[in-house]
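These are my notebook entries on a structure that I looked up today. I kept them brief and went through the chains, their contacts and a few single residues.

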Amino acid sequence: MSRAARAAVGRPPVRLLVPAALAVLFLVFPLVALLSRTPWSDLPRDLTSGEVLDALRLSLETSTAAMVVAAALGTPLAWLLARVSFPGHAFVRLLVAVPLVLPPVVAGVALLTAFGREGLLGKPLFEAFGVTIPFTTFAVVLAHTFVSLPFYVISVEGALRATDPEYDVVAATLGASRWTVFRRVTLPLALPGVFAGLVLGWARSLGEFGATITFAGNFRGTTQTMPLLVYQQLQVNPDSAVAVSVILLFVSVAVLALLREHWFDKVAR
Amino acid sequence: MSYLEADVVVRRAAHTLDVHLDAAPGDVVAVIGPNGAGKSTLLRALAGLLPLDDGRVVCAERAWDGPGTRPATTQQRNVGMVFQEQLLFPHLDALANVAFGPRSRGAGRRAAEGTARTWLARLGVDDLAARKPRQLSGGQAQRVAIARALATEPSLLLLDEPLAALDVGVAMALRLELTEHLAGYPGATVLVTHDALDAMTLANRVVVLDDGRVAQTGTPQEVAQRPRTDHVARLVGLNVLRGTSSGTDVRLTDGSALVSVTAREGAVNACFPPAAVTLTLAEPSGSARNRWPGTVTSVAPHGAAVRVHLDAAGGLIADVTPESAAQLGLSPGRRVWAAVKATEVTIYGAGPEGSQEAAAQIPSRP
């Protein structure tokens with residue numbers, strides 16, 4: 001809407017402005033409180049403690065690993081949903097979206113019933129090879145992947161849908177196989193969406209708590225990610241919990257800035 | 001059997017396309033029709049992008065589709081396609097766009113880029129090889145798109161309104177260039193257009209579509225001068241005069257003279273719309289440099305205008321307003337002067353006499 005048109009419909013009414021301002025306040029106030037309680041002088045010491053460094057390293061590694069899995073499995077799924085019509089298409093999309101709305105702790109329980117020692121797949125795995133999945137770093141990666149894969153798939157599917165399928169047609173007339181078309185045309189054109197999906201999914205992984213603590217437990221060095229550390233520290237050393245929280249806040253803001261560059265601008269355009 | 005032999009039947013809820021096409025190597029067949037006549041559907045069916053509901057496509061002695069054959073995929077059909085809106089891959093530079101086809105068909109990177117450079121040079125855009133599509137003008141992008149389509153050495157070239165999205169001046173220049181490239185292209189070309197001028201200048205055969213069916217086929221001259229239905233006349237009503245050009249002067253086959261603004265040597269066609277012809281009773285003294293005396297052979301209503309046929313300059317069509325027709329007392333046998341401004345005349349090469357004759361013998365399908 002142009003400025004002139006905006007002026008023509010009149011001034012924004014107070015009964016809309018006040019709740020809008022309240023909403024902003026409500027969202028910002030806790031963050032301000034967090035920053036105000038941050039023990040800035042002790043921050044360097046708090047953040048370089050072995051516990052924090054372990055959790056930070058584990059969080060970065062598992063979130064990144066989850067995104068590698070998401071890219072490897074999620075990109076083909078996103079392509080399939082965006083480009084191929086098959087029976088049950090709508091149903092598959094619905095299934096993919098379920099983890100988005102599922103309470104994370106339920107996701108953790110579901111993962112346990114699937115891959116736990118008594119789980120559907122976990123039991124035969126343990127009996128045949130002695131392999132245990134729950135309460136390992138691998139379990140953390142699985143939990144992260146389970147909750148972040150839908151974010152990735154939906155983001156990439158949207159990006160693929162937004163690229164003109166006529167380019168695929170042109171490539172086909174030039175003799176390119178469907179795989180070549182995907183590799184050299186479809187995927188490169190959707191790359192901003194792939195990037196946005198990776199960042200979004202990575203951020204979701206980084207903050208993952210419920211599924212992780214249920215399925216992987218809270219063991220320092222192997223399954224204790226940053227959010228789990230915050231939860232634990234809050235009970236024994238609240239100052240340290242605030243310090244770790246601040247790091248996560250900064251990481252989130254950095255992610256937002258990255259996305260703004262590549263994603264929000266694109267949507268706004 | 002011809003080089004290209006196609007019976008394309010595609011049924012849609014709104015309309016049915018049922019078209020026969022055939023072409024010899026080197027032929028350029030223009031499929032002309034209004035928007036929505038099924039022209040693009042026809043091209044897509046030939047390219048294998050749309051399944052045929054009935055019919056067959058045979059090209060270069062290979063059955064692409066038909067009863068008892070599994071339809072060849074688009075990749076298996078050796079087609080080159082040029083689209084109205086170019087559709088250059090936006091993430092690849094011009095060179096990579098043109099090299100895409102050869103690489104997809106198995107050439108190594110270096111060989112494909114060599115082929116691409118050759119084709120960019122032939123289209124006169126080799127200096128733009130490193131540019132991304134968004135850095136190209138419409139005309140430049142369409143040249144790259146043509147190079148891309150030809151670089152795979154297709155047996156069938158499909159042009160979908162290749163000039164429609166361009167500025168008039170750019171389209172004019174590219175039309176002339178395209179004539180030359182098509183003359184050097186060994187396969188068959190199917191050109192889809194709604195512009196009679198494209199059909200007249202680029203093609204040696206014209207197929208006029210009406211509501212998904214062929215209304216008339218023939219050489220551009222035949223169709224333009226003897227349109228069989230009103231529909232065809234509306235679409236391709238153009239004066240096409242044959243002659244020999246020397247500079248901007250053209251000696252027409254009936255012996256009369258014509259002047260254009262395009263310098264050209266040798267056999268040419270001179271082309272101008274019926275509305276560009278003005279009729280007077282006395283010899284005109286205005287700025288129009290082309291003026292011929294003649295006798296009216298027929299007068300018939302044509303949309304909001306009146307279409308007049310004369311025997312001037314070997315046969316002319318003129319569109320005049322009903323008021324002028326009444327004022328001039330136009331009726332068969334009336335002696336009049338016809339005048340055309342030199343700037344209204346499009347000149348293009350007439351091509352070899354033989355191919356025109358051969359094409360003229362192919363029976364047209366009503």
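**Domains of chain B**

I began with chain B, which is divided into domain 1 (4–238 + 351–361) and domain 2 (239–349); these bounds come from an automatic or database domain assignment. I noted that the model is predicted, that local features need pLDDT of at least 70 and side-chain atom pairs pLDDT 80 or more, and that totals for chains, interfaces and linings use all residues. Residues are numbered from 1 along each chain as its sequence is written, while chains are lettered from A and ligands numbered from 1 in the order in which they are written.

I looked up the separation of the two domains of chain B: their centres, taken over C-alpha atoms, are 31 Å apart. I then listed contacts (two residues are in contact if their C-beta atoms, placed from the backbone, lie within 7 Å). In chain B, 13 residues of domain 1 are in contact with twelve residues of domain 2. On the domain 1 side, the elements giving two or more residues are helix H6 (196–202), helix H7 (220–225) and helix H8 (230–236) of chain B. I use helix for a DSSP run of H or I with at least four residues and strand for a run of E with at least two, numbered from the N terminus. H7(B) gives the most to this side, with four residues.

I sorted residues by class: Ala, Val, Leu, Ile, Met, Phe, Trp, Tyr, Cys and Pro count as nonpolar, Asp, Glu, Lys and Arg as charged, and the others, Gly among them, as polar. The side of domain 1 of chain B that touches domain 2 has six nonpolar, six polar and one charged residues.

I recorded 14 helices and zero strands for chain A. The C-alpha trace of chain A spans about 70 × 65 × 30 Å along its principal axes. Of the 269 residues in chain A, 35% are buried; a residue is buried if 20 or more other C-beta atoms lie within 10 Å of its own, exposed if 12 or fewer, and partly exposed in between, with C-beta atoms placed from the backbone. Among contacts in chain A between residues at least 6 apart in sequence, I found that 75% join residues at least 24 apart.

I turned to the interface, where 15 residues of chain A are in contact with 14 residues of chain B. Helix H9 (166–173) and helix H10 (178–189) of chain A are the elements that give two or more residues to the chain A side. The largest share, seven residues, comes from H9(A). By class, the chain A side has ten nonpolar, four polar and one charged residues.

**Helix pairs**

Axes are lines fitted to C-alpha atoms, for helices over the stretch in contact, and angles run from 0 to 180 degrees between N-to-C directions. The contact is made by A:Val96, A:Ala97, A:Pro99 and A:Leu100 of H5(A) and A:Phe146, A:Val147, A:Pro150 and A:Val153 of H8(A).

In chain B, the axes of helix H4 (residues 138–150) and helix H5 (residues 168–183) come within 10 Å and cross at roughly 20 degrees. H4(B) and H5(B) are therefore roughly parallel to each other. The contact is made by B:Gly138, B:Gly139, B:Gln142 and B:Ile146 of H4(B) and B:Val170, B:Leu174 and B:His181 of H5(B). By class, I noted three nonpolar, four polar and no charged residues.

**Single residues**

I looked up two residues with positive phi. A:Phe135 has phi near 65 degrees and lies in the loop between helix H7 (122–129) and H8 of chain A. A:Phe135 is partly exposed, with 18 other C-beta atoms within 10 Å. B:Ala60 has phi near 50 degrees and lies in the loop between strand S4 (54–59) and strand S5 (62–65) of chain B. B:Ala60 is partly exposed, with 15 other C-beta atoms within 10 Å.

Conventions
Parallel < 35°, antiparallel > 145°, perpendicular 65-115°, else oblique.
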